Amino acid sequence: MIGKESHRSIAQRLQQDAFWFRQRGALLSFMILGLMLLFLSLFLGERFVSTTNIANLAGQLAPLFLVSLGQTFVLLGAGFDLSVGAVISLTTAILTLDFPDVFKLPLAIAAAVTVGLVNGVGCVYLRVHPIIMTLATSSIVQGVALILLPTPGGIAPQVLVTAASGTLFGLPAGFYWIIAAAALSIWVVHGTKYGVRLYATGENPQSAWINGINAPSIRISTYVISAMCAAIAGAYLTGRLASGDPNVGIALGLDSILGAALGGTLLSGGVGGPIGTIAGVLIIGLLNNGLNLANISPYYQFVFKGAMLIAAVSLFRRKEAGL
Amino acid sequence: MQLTGLPGMCHAVVGENGAGKSTLMKILSGVVRPDRGRIVKDGEDLKLHHPLDARHAGISTIFQEFSLLPNLSVAENLFLGREGDIGHAMTRAELAQRSEQALSELELNIAPDRRVGSLGVGQQQMVEITKGVLADASVFIFDEPTAALASHEVDVLFALIERLKDEGKTIFYVSHRLAEIFTLCDDITIMKDGEFVRCVPTALTNEDEVIEGMVGRPIAELFEARAASIGPVLLEAKGYQGQAMKRPVDLTVGTGEIVGVAGLEAQGQQELMRALAGFDQRRGGSLTLQGKDISDIEARKRIAAGIGLVPESRKDDGLFLSLDIADNMQSAQVARGGLFALTPSLGELTRDIMTRLAVKAPDARTPVSDLSGGNQQKVVLGRWLLAGAHVLLCEEPTRGVDIGAKREIYRQLRAFAQQGNGILVTSRELTELIGLCDRLLVIRDGGIVSDVPAEGATEDSLLRAALPTSLDGGQTEAA
């Protein structure tokens with residue numbers, strides 16, 4: 001017998017250690033992120049590395065952070081949530097209704113939880129494919145948002161305006177939203193038994209069930225988490241815009257999947273996590289910001305994002321993962 | 001169906017594949033719900049609707065189809081679903097420490113943070129066993145625990161089971177390997193076609209009687225007669241080495257000959273077979289088939305030249321599970337033509353081969369996913385009969401199939417060889433290799449270390465060749 005398996009190379013550890021294996025994608029994403037940071041600060045200099053720009057960036061990116069982290073839960077459970085954009089729209093519509101503020105926030109959260117439950121139950125118990133299920137709810141929810149608020153307008157609750165666009169200790173509010181969301185999701189995924197059960201369920205719900213895990217509840221819970229994250233993103237956006245916009249969420253729906261996928265979370269479940277998603281979202285943010293600062297047409301972002309999604313999905317595959 | 005387990009006793013459940021052993025065990029472990037009947041433990045009626053119910057009732061199951069999650073670590077797998085069993089949430093360090101302790105009791109030297117998917121199939125099975133015995137249970141169910149284990153791991157398992165017996169636990173043991181049952185178990189329950197046949201104390205029966213009960217008819221001889229004479233060499237490797245192989249290999253397969261490759265687990269058997277089949281690029285040496293050099297041609301063209309691979313994992317590599325029998329059998333033949341070549345009409349031939357192999361299915365349009373393991377294996381064999389292969393490379397041809405199907409497969413392999421063809425076969429079961437083959441090679445650490453006639457070979461002599469020489473140092477770890 002050999003002694004301990006302590007003398008292993010980094011490559012071996014990445015392949016053999018369960019934790020590092022699941023975070024391999026994140027490692028790569030952070031490397032790419034590092035290169036982007038280096039590149040942007042070298043070429044754009046002061047324009048990029050300025051407090052105003054970084055504050056701007058944090059403010060702009062907070063909603064994408066929130067929905068991508070929520071989406072990460074769904075993807076880890078081998079699901080897919082296309083309805084997050086519509087939930088954001090619905091939230092802004094509800095929050096700018098002509099209603100007392102004390103009712104609007106609970107109402108918005110309740111609406112999101114309902115959407116999440118419907119998505120989860122449809123996918124898990126009715127066995128509708130997640131793409132179809134969430135596409136359908138997305139259409140319904142977006143429709144309701146447009147019925148409630150046909151054109152941009154309305155007035156946001158003052159408390160949200162302060163919470164989304166104020167500053168604290170010289171840092172913009174968005175920064176704190178990001179830190180809170182990231183810390184919370186990293187703790188849930190890596191620090192609780194819910195996290196382990198989520199990885200198990202995403203890998204193989206049947207095996208998870210044999211191990212005494214209530215896999216259906218876990219899967220439904222991911223859709224609820226995702227919808228709630230979307231609602232919080234919607235609340236943030238409402239505050240930041242200080243009014244409602246029934247179309248504000250549309251672009252964020254697909255970007256949330258892009259953010260998670262760029263961070264190394266496999267669309268087939270069980271591998272990846274919120275740490276990678278942080279890098280993935282930052283990559284998208286820096287891309288936009290860089291194009292913007294370099295005076296290049298912002299429409300190039302769509303071209304680059306699509307290309308990056310293809311690259312990410314072909315780079316982080318199950319085969320490579322040996323699963 | 002009736003089954004009674006007593007404390008401190010090991011009760012074997014045997015039967016052919018599809019006899020319902022695994023289903024019965026799944027009912028006892030709460031995975032499948034019974035249609036009718038009762039389960040009574042310590043005088044109490046049990047209602048098992050969920051695997052958790054069985055766990056709470058003190059029943060722990062070591063599953064045949066792994067219940068392990070390949071993306072989780074060993075420690076996470078060991079305590080999955082019962083993280084809170086010790087009264088409070090375990091810290092990472094506690095988890096690791098408890099896992100190491102549990103693993104070391106089974107003489108396993110695996111780091112707890114190792115990902116289960118990165119372990120070999122034998123080690124995974126040992127982890128599955130560790131997980132099963134970690135449970136605080138009074139009834140333990142072992143469903144085919146040794147199918148993937150090397151012999152020294154089997155010894156560890158048996159010692160463990162003896163210990164559980166001494167502690168007064170009740171054990172149900174499902175296995176195809178009768179020799180194990182006779183060394184380990186106190187009683188044997190025989191099942192056939194989902195029904196109870198009989199239950200006998202091991203001391204009052206013998207292997208032949210048990211086989212008779214399982215198959216429903218006397219079995220004269222499991223294996224066919226060996227080849228009377230071997231014709232000219234069909235397949236010859238001279239110093240051949242694929243990229244994934246540790247060492248170059250010399251071997252020959254003659255006309256009418258079945259050559260076995262024996263060895264401990266993961267000594268390069270699979271790499272050898274895959275390299276010969278052309279799935280791995282050549283690093284050196286030469287490979288000839290019927291005198292024709294095929295060293296550098298790819299797998300698809302080697303099929304055309306007459307090499308057929310029967311892979312170990314039927315479900316992943318061997319079959320298209322969603323397609324029917326005919327499509328599966330014809331796939332190798334179709335692979336020979338170009339992309340737009342006309343698909344030849346093979347219906348007649350397919351039906352003929354199905355009859356010859358005694359494939360149990362309503363017709364050639366039955367999806368292979370509906371077939372039992374033994375019949376699926378026959379479909380893979382049928383593919384190569386249909387494609388007119390001359391040399392078959394068979395990996396573990398009878399893994400997970402029952403005795404009746406085993407016999408059928410042995411018969412077909414021998415018949416295939418007799419028609420002027422050759423077979424190279426790997427197997428974990430030494431008795432099978434000795435009975436089936438004409439000549440045996442022993443592979444150790446990627447190299448062939450012994451080449452003897454199968455006639456007169458014993459498990460003991462093969463094992464001695466297969467084990468690393470005493471001063472090899474760390475070699476045992478890989479086994």
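**View 1. The two domains of chain B and the distance between their centres.** Taken over C-alpha atoms, the centres of domain 1 and domain 2 of chain B are 31 Å apart. Domain 1 covers 10–215 and domain 2 covers 233–478 in chain B (bounds like these come from an automatic or database domain assignment). This is a predicted model, where local features need pLDDT of at least 70, side-chain atom pairs count only at pLDDT 80 or more, and totals for chains, interfaces and linings use all residues. Residues are numbered from 1 along each chain as its sequence is written, while chains are lettered from A and ligands numbered from 1 in the order in which they are written.

**View 2. Where domain 1 of chain B touches domain 2 of chain B.** Here 13 residues of domain 1 meet 15 residues of domain 2 in chain B (contact: C-beta atoms, placed from the backbone, within 7 Å). On the domain 1 side, helix 8 (residues 207–215) of chain B gives the most, with 3 residues (helices are DSSP runs of H or I, at least four residues, and strands are runs of E, at least two, numbered from the N terminus).

**View 3. Chain B meets chain A.** This contact takes 27 residues from chain B and 26 residues from chain A. On the chain B side, helix 2 (residues 51–56) supplies the largest share, 3 residues.

**View 4. An open sheet in chain B.** Its 4 strands follow the order 10-9-12-13, with antiparallel pairing (strands pair if DSSP finds at least two bridges between them). Strand 10 (249–254) and strand 13 (292–293) of chain B are the edge strands. Strand 12 (residues 282–289) and strand 13 of chain B share 2 bridges, and B:Leu289 has B:Lys292 as its bridge partner in strand 13.

Notes
Two residues are in contact if their C-beta atoms, placed from the backbone, lie within 7 Å.
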